[in-house]
Amino acid sequence: MLLRSGRKKPYEVSLHGRQPVKKQSPPRTVKTASGKSVFSLRETLKCYILTEDSKTVHFDIDEDGHHEISTKDSQSHEDIAWLSVFTRNEPAVTDSKNFVILTQRSKFNEFVLLCKGKKQLSLKVLKASCSGPDYPSVERCNMKTCNHEDPDFKQLSEDNHFFIMHYQGDSVQFQCYEDKSYYLYVNDDSLDIRKPENKEPNEDKNFYFRVSYLQEK
């Protein structure tokens, strides 16, 4: 089952005034809309995100702008995710919570960011730091492949893309940072966000995930 939205294409940007884009190092901080730095990037790791029963988490945006947030039995190169771990820039915060964002590459070679929507999960296109501006879908197929391994974090201006990753032995849980009453949840063939029915979300296996890190060669 695929979760699909009725959103318009995320690529409706004018072609006029297009400027060449130079390579640049990804910023190490995430700013709020006011420009204040709240999070600093600690590390970004390539991994597979798996459910407890070893299904692979996959999300993408198709050429019509529909959201696809699903789980599947197989595992391929296109399912590689980037798990970026951030630290809050507040001296008063003494806990060791892992604030993370989850991204995968789309069919159009962009980073797709998993976010908390109002009532369900949503996706946001996050350009790689060496990518050009958005183009119509017809021309996007001819774009030169960008091999940069990092999203452009300077585009992040909200907190609904952050999850708090809780370790439970070999398993993890992803709690929504924007609204901590919601957790990432596994349906039969898709993902969702849900409030735990039990007082302890650990009692429901559908809130559990596994992160399989890839070894760099």
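Is Asp60 buried or exposed in this predicted model? Asp60 is buried, because its relative accessible area is 3%, where buried means under 20% relative accessible area, exposed means over 50%, and partly exposed lies in between, with a 1.4 Å probe and protein chains only.

Before going further, note that the model is predicted, that local features need pLDDT of at least 70 and side-chain atom pairs count only at pLDDT 80 or more, while totals for chains, interfaces and linings use all residues. Residues are numbered from 1 along each chain as its sequence is written, and side-chain values use heavy atoms, with hydrogens and water left out.

**Strands 3 and 4**

Select residues 56–61, which are strand 3, and then strand 4, with which strand 3 pairs in the antiparallel sense over 6 bridges. Strands here are DSSP runs (E, at least two residues), as helices are runs of H or I of at least four residues, and both are numbered from the N terminus; two strands pair if DSSP finds at least two bridges between them. Strand 4 spans residues 67–72 and is mostly covered, with 5 of its 6 residues buried. The two strands form a hairpin with 5 residues between them, and in the turn you will find Gly65, which has a positive phi of about 85 degrees.

**Asp60 and its partners**

Next, show Lys107, with which Asp60 forms a salt bridge, the closest N and O atoms being 3.3 Å apart; a salt bridge is a side-chain nitrogen of Lys or Arg within 4 Å of a carboxyl oxygen of Asp or Glu. Asp60 lies in strand 3 and Lys107 in the loop between strand 6 (98–105) and strand 7 (111–116), so the pair ties together parts that are 47 residues apart in sequence. Lys107 counts as exposed, because its relative accessibility is 55%. With all three residues displayed, you can follow the network of salt bridges that links Asp60, Glu68 and Lys107.

**His58 and Asp79**

Still in strand 3, select His58, which counts as buried at 11% relative accessibility. The side chain of His58 makes a polar contact with the side chain of Asp79 at 2.8 Å. A polar contact is a pair of N or O atoms within 3.5 Å; within protein, one must be able to donate a hydrogen and the other to accept it, and residues adjacent in sequence count only if both atoms are side-chain atoms. Asp79, buried at 0% relative accessibility, also meets the side chain of Lys72 in a salt bridge of 3.1 Å, N to O. Lys72 is partly exposed, with a relative accessible area of 22%.

Now select Lys55 and Asp189, which form a salt bridge whose closest N and O atoms are 3.8 Å apart. Lys55 lies in the loop between strand 2 (37–51) and strand 3, and Asp189 in the loop between strand 11 (183–186) and strand 12 (191–194), so the pair ties together parts that are 134 residues apart in sequence. Lys55 counts as buried at 18% relative accessibility, whereas Asp189, at 34%, counts as partly exposed.

Finish with Asn187, which is placed in the loop between strand 11 and strand 12. The side chain of Asn187 makes a polar contact with the side chain of Arg194 at 3.5 Å. To end the tour, draw a C-alpha to C-alpha distance from Asn187 to Thr71, which are 116 residues apart in sequence and 8.7 Å apart in space.
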